[in-house]
Amino acid sequence: MARPIIGSLSSIVLVLILAWSIGTIAVRGYNTRKWTVGGDKGWSFGVAGWENDKPIQAGDMLVFKYKPGAHNVVEVDVAGYMECKAPDGAKVYSTGNDSFEMPGGKAYYICSIPGHCEKGMRIGIPPR
């Protein structure tokens with residue numbers, strides 16, 4: 001008795017899609033990096049520009065390390081970055097060990113404590 005060809009083909013296609021999905025997830029996880037913003041100094045005054053020579057990619061993790069109560073982190077848009085202003089109602093992170101997964105596009109972060117962003121506590125990461 002012959003096996004139906006269509007059933008076998010759909011099984012093969014399903015297995016190939018599953019293998020490709022697992023491979024994609026494994027490669028993405030393998031290639032992601034964890035970046036401590038500011039390096040050894042951490043999230044501090046004058047950190048602006050730290051990101052310029054880093055090959056930060058979508059899926060990478062940015063870790064903001066600082067003394068809780070001394071600083072904070074707010075994700076903003078380009079206007080907020082340029083003007084050093086967090087929008088009303090923005091989520092303010094203040095644990096001293098805040099992590100963000102890089103999106104596929106641009107990302108901007110500031111410290112919203114008055115005067116801190118103006119003293120270089122901001123980074124802007126272009127899409128790569």
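Colleague: Let's start with one cysteine: does Cys 111 count as buried or exposed?

Modeller: First, this is a predicted model, where local features need pLDDT of at least 70, side-chain atom pairs count only at pLDDT 80 or more, and totals for chains, interfaces and linings use all residues. Residues are numbered from 1 along each chain as its sequence is written, and side-chain values use heavy atoms, with hydrogens and water left out. Buried means under 20% relative accessible area, exposed over 50%, and partly exposed in between (1.4 Å probe, protein chains only). Cys 111 has 1% relative accessibility, so Cys 111 counts as buried.

Colleague: Thanks! Which residue does a disulfide join to Cys 84?

Modeller: A disulfide is a covalent bond between the sulfur atoms of two cysteines; here the test is a pair of cysteine sulfur atoms within 2.5 Å. A search of the whole structure finds 1 disulfide. With 2.1 Å from S to S, the partner of Cys 84 is Cys 117.

Colleague: And is that disulfide of Cys 84 and Cys 117 left-handed or right-handed?

Modeller: The torsion about the S-S bond settles this. For Cys 84 and Cys 117 that torsion is about -65°, so the disulfide is left-handed.

Colleague: How many residues apart are Cys 84 and Cys 117?

Modeller: Helices (H or I, at least four residues) and strands (E, at least two) are DSSP runs, numbered from the N terminus. Cys 84 is in the loop between α2 (78-83) and β4 (97-101), while Cys 117 is in the loop between β5 and β6.

Colleague: What pattern does the protein follow along the sequence?

Modeller: The protein has 2 helices and 6 strands. Read along the sequence, they come in the order α-β-β-β-α-β-β-β.

Colleague: How many residues are in the largest nonpolar core?

Modeller: In soluble globular proteins, nonpolar side chains tend to be buried together. A nonpolar core here is a set of buried Ala, Val, Leu, Ile, Met, Phe, Trp, Tyr and Cys residues joined through side-chain atoms within 4.5 Å. In the largest one, the residues with the most contacts inside it include Val 37, Trp 43, Leu 62 and Ile 123, and the number of residues is 18.

Colleague: Which strands each supply at least two residues of this core?

Modeller: There are three ranges to find in the structure: 61-65, 107-110 and 122-125. In that order, the strands are β2, β5 and β6.

Colleague: What is the angle between the planes of Trp 35 and Trp 50?

Modeller: Rings of Phe, Tyr and Trp (its six-membered ring) pair if their centres lie within 6.5 Å; planes under 30 degrees apart count as stacked, over 60 as edge-to-face and the rest as tilted. By this rule there are 7 aromatic pairs. Trp 35 and Trp 50 form an edge-to-face pair, 6.4 Å centre to centre, and the angle is 80°.

Colleague: Which residue lies over the face of Tyr 93?

Modeller: A charge sits over a ring if NZ of Lys or CZ of Arg is within 6 Å of the ring centre and within 35 degrees of the ring normal. At 5.0 Å from the ring centre of Tyr 93 lies Lys 91.

Colleague: Last one: how far apart in space are His 116 and Ala 70, C-alpha to C-alpha?

Modeller: His 116 is found in the loop between β5 and β6 and is buried, with a relative accessible area of 12%. Counting contact as heavy atoms within 4.5 Å, and leaving out residues up to four places away in sequence, His 116 touches Phe 45, Ala 70, His 71, Cys 111 and Met 121. His 116 and Ala 70 are 46 residues apart in sequence, yet their C-alpha distance is 9.9 Å.
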